[in-house]
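Please open the model in your viewer and keep the sequence beside it. The tour follows below.

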Amino acid sequence: MPSSLSREPSSPGRHARRSRGSAVAAAGVAVAVVAGVAVWASRGSDGGGDPAGAIVGEPVAAQSSTPVEIPSSVPVSAVPSRSAPASARASAAAPAQPVAKGGWITVDQAAWDAQVAKFKATKADPPGNAGNLAEFRADCTYSHRKADDPIVFPGLPGASHMHSFVGNKAVGADTTADDLMTFTASTCKPAVDHSAYWVPTLYDAATRKPVETTGFRVYYRSIRSNSTDIMPMPNGLREIAGDAKKKVPTPRGAQGQFYCAFYGPGNLDGDSRSDNGNWPICGKPAHLHFTLQFPDCWDGKHLDSPNHKDHVAFGTDQGCPAGHPVRIPALTFEITYGVTGSAAGYYLSSDPDGKSASSMHGDAFLMWDGSAMNQRVRNCLAQRRTCGNDGYDPFSF
């Protein structure tokens, strides 16, 4: 784990305590149960599991604990009756099984070369008394909720488990990189960030109602002890951190757990745990938080890969791997939920059985104003200075 991640100020409030662990997580399609009728689910890949993104359909028992939101790709006529023969139910459900799409998406070399040339010509602004943490950020709020994933299931509305989106307001299954630059209304600051970010929806296990984020900070960082050869993000880059297929317990102290944080000294593990031991119960005024760390090296050739991970990798203080030679800003999601926890606990749309939080994952579809991205990387990362949403931040520590 990079040493820069152990510092205290991090979540959507600067002084919030945070976990030293880095979450891992990524895909699977949510199942819905309405009026005792089971809708069949397919489990896909948000970057974990089968590199080819293969999908295998599987029936789910009608008594399953799941959200009540049926993906839009499942018409009511396709929901089989429990009294129908098994063969009929399978036949009726077949059209609802999504097929994962995607593969290697090649960067526009001319566009990337032009961005690199402009970046190299970009001069740093005087930093004044800015802090020395090499980062800039976007602060975002909840935008919308859909069973869509334009990275894993492009062009297939309703094929994913439920996701909670922040950032670009126009994002759905059909969203392309060009769309992000065309439809730029966003819930993030700064306005020059047109990116979309999303995570699986969190549900209250007692009420079965969604619990949306109340704070969502996206850091762009140099997570190494140096910023040697750091470059800007290429527009259109897709990234996924974590594995939605991971289904392991997350007891107190586990890596990749939800934790408690607030503005001041706090107990990261919470005062107690949910009945199943997987969810912390926070003492007031703390709330649930989660941290997701993304890689910091890119292959320089592809904006996406079949498993949505092979085009990026983690480097070291000595540099990036030979196959991923371009050092880029490392994203960190710092997520706050405005709840304190309960004995019933929660579940994620990527793991509706609610047995753990280990399927937590995050997606980023990146699109910035090119000049703004270049200037932030030059000022904040190459110069190793702390920046906020709109420039140098003299109050960081």
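Ala, Val, Leu, Ile, Met, Phe, Trp, Tyr, Cys and Pro count as nonpolar, Asp, Glu, Lys and Arg as charged, and the others, Gly among them, as polar. This is a predicted model, in which local features need pLDDT of at least 70 and side-chain atom pairs count only at pLDDT 80 or more, while totals for chains, interfaces and linings use all residues. Residues are numbered from 1 along each chain as its sequence is written, and side-chain values use heavy atoms, with hydrogens and water left out.

**First stop: two helices**

Select residues 109-121, helix α2, and residues 370-382, helix α4. Helices are DSSP runs (H or I, at least four residues), numbered from the N terminus. The two axes, lines fitted to C-alpha atoms over the stretch in contact, come within 9 Å and cross at roughly 45°. Angles under 35 degrees count as roughly parallel, over 145 as roughly antiparallel, 65 to 115 as roughly perpendicular and the rest as oblique; α2 and α4 are therefore oblique to each other.

Next, show the side chains of Q115, K118, F119 and K120 on α2, and of M373, N374, V377 and R378 on α4; these residues make the contact (heavy atoms within 4.5 Å). They divide into three nonpolar, two polar and three charged.

**Second stop: the lining of the largest pocket**

Now select A111, W112, A114, Q115 and N235, which lie nearest the centre of the largest pocket among its 13 lining residues. A pocket is an open set of points on a 1 Å grid over the protein atoms alone, where a 1.4 Å probe fits, with protein on both sides within 12 Å along at least five of seven lines; lining residues have an atom within 4 Å of a point. Which helix gives the most to this lining? Helix α2 does, with five residues. The lining as a whole divides into six nonpolar, five polar and two charged residues.

Methods:
Axes are lines fitted to C-alpha atoms, for helices over the stretch in contact, and angles run from 0 to 180 degrees between N-to-C directions.
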